[in-house]
Structures are given as structure tokens and as C-alpha cells.
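Thanks for coming, everyone. Let me put the structure up, and then we will walk through its core, a helix pair and some charged pairs.

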Amino acid sequence: MFYKFDSESLVWKKDWMKFKISIGVVIVLFFTSFAVGRYVKFESLEKYERELLILDLQKERNKFTQEKLVDEIKRLNIKYPHIVMAQSIVETGHWNSGIFKENHNLFGMKQANIRINTAKGTNRNHAYYENWQESLYDYAFYQCRYMSGVRSEEAYFLALDASYAEAGGDYSKLLKKTIKDYNLEDLF
């Protein structure tokens, strides 16, 4: 099938063009049948089974990882991302605190009353969110509202010491140590 007879040399030679076309057709048929099969399988599920599958996919998408947080911070173009990452680590005890696990609150934020926010309410005296991404969006709103005039890292640290943390002046020292210990600047 993939050979043709060369009448000049009187030998059979491989027809590479037919071979490549055949392989291409097989690949296209494979992926087409795979896609159609997946669609038919999905459509054959009961409505509640499809809804459960979609909910599982959403849950998986919303599952927190440090890599997803880094990617989202970059995507949102948040100022001083390594400082924000350090805040997240410090405020959640490296993403292990109850406030983070229950409230999806990355920054120990209280529910804002005088600025745009994404919090769904208050739980355990802290804002709670539908997922961790909404917590990051809320921080971005906080940053736009209160930190838009900050022009340097040191000014950012001073502003955090003055208004963000309950720990006072030691907060920026803790953040700087966290940045150094985890090489957070290398992530951005």
C-alpha cells in the first residue's frame, strides 16, 4: 500500500507521501473519535451526574496551591508581589490556619465596609470568601484603594506597619524575613 513500483530501476520504493497522509488521517480520526466519544459519554449522563461532574471540575479549579497563587498574583499585576506573597504566608501560617481553611482568607482581612470588596460576610471575626481567588481579588481592591500612592518597597512596608498589621512595626521585619527565607522575589 505504501510502496510503488519504479519502472526505471525495477524495484519497489516506499511512497513516503502516501505514508504521511495515511498517518495524518489516522491521527485526525483518533482525535475526532476521542472528542465525539467524550461528548457522547457526557451527554449520556443523567442531569444530576453532569452537574456533579461540573461541580467537581470547579472544585478542582478552585483548589489552592502556591503555584496557582503565584500565577494569579502575576495575572492581576499586583504591586510588590513578593511582599503580598509573604503576607499570605505569614497571615495563614503557611496556608494552614483555620481562617484560611474555613474562610478562604489569604490575608487575615476583616470585611471592608467603605470600599469595594468580594467578601461574602464575616466568620470568626474575619472576612470569608467563596474561594481563595476572591480573597486575592479583595486584596487587590485594598491595594488599589489604600496603597495606590506608594512608590517604593520601603514605603509599602511602612504603610503596612502603620495600618495593616496588628503586630505593629515588627510586621515588616517578619515579612522581610519571610521573603528572604522562602526566596519569594525569585517567584516573580
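One definition to begin: a nonpolar core is a set of buried Ala, Val, Leu, Ile, Met, Phe, Trp, Tyr and Cys residues joined through side-chain atoms within 4.5 Å. Buried means under 20% relative accessible area, exposed means over 50%, and partly exposed is in between, with a 1.4 Å probe and protein chains only.

Some ground rules. This is a predicted model, where local features need pLDDT of at least 70, side-chain atom pairs count only at pLDDT 80 or more, and totals for chains, interfaces and linings use all residues. Residues are numbered from 1 along each chain as its sequence is written, and side-chain values use heavy atoms, leaving out hydrogens and water.

Now the core. The largest nonpolar core has 36 residues. Leu69, Leu106, Tyr139, Tyr156 and Leu160 have the most contacts inside it. At least two core residues come from each of α3, α4 (81–92), α6, α7 (153–163) and α8 (170–181). Helices here are DSSP runs of H or I, at least four residues long, strands are runs of E, at least two, and both are numbered from the N terminus.

What does Leu106 touch, beyond its neighbours within four places in sequence? Its contacts, meaning heavy atoms within 4.5 Å, include Phe64, Leu69, Trp95, Phe100, Trp132 and Leu136.

Next, the helix pair. The axes of α3 (residues 66–76) and α6 (residues 132–146) come within 11 Å and cross at roughly 35 degrees. Those axes are lines fitted to C-alpha atoms over the stretch in contact, with angles from 0 to 180 degrees between N-to-C directions. From α3, the contact uses Lys68, Leu69, Glu72, Ile73, Arg75 and Leu76. From α6, Trp132, Leu136 and Tyr137 take part.

Last, charges. A salt bridge puts a side-chain nitrogen of Lys or Arg within 4 Å of a carboxyl oxygen of Asp or Glu. How many salt bridges does that rule give? Seven.

One of them joins Glu72 and Arg75, at 2.6 Å from N to O. They sit three residues apart in α3, so about one helical turn separates them. Glu72 is buried at 12%, while Arg75 is exposed at 55%.

Another pairs Glu102 with Arg124, with the closest N and O atoms 2.8 Å apart. This pair links distant parts of the chain, 22 residues apart: helix α5 (residues 98–103) and the loop between β3 (121–123) and β4 (126–128).

Lys177 and Asp181 also bridge, at 2.6 Å. Both are in α8, four residues apart.
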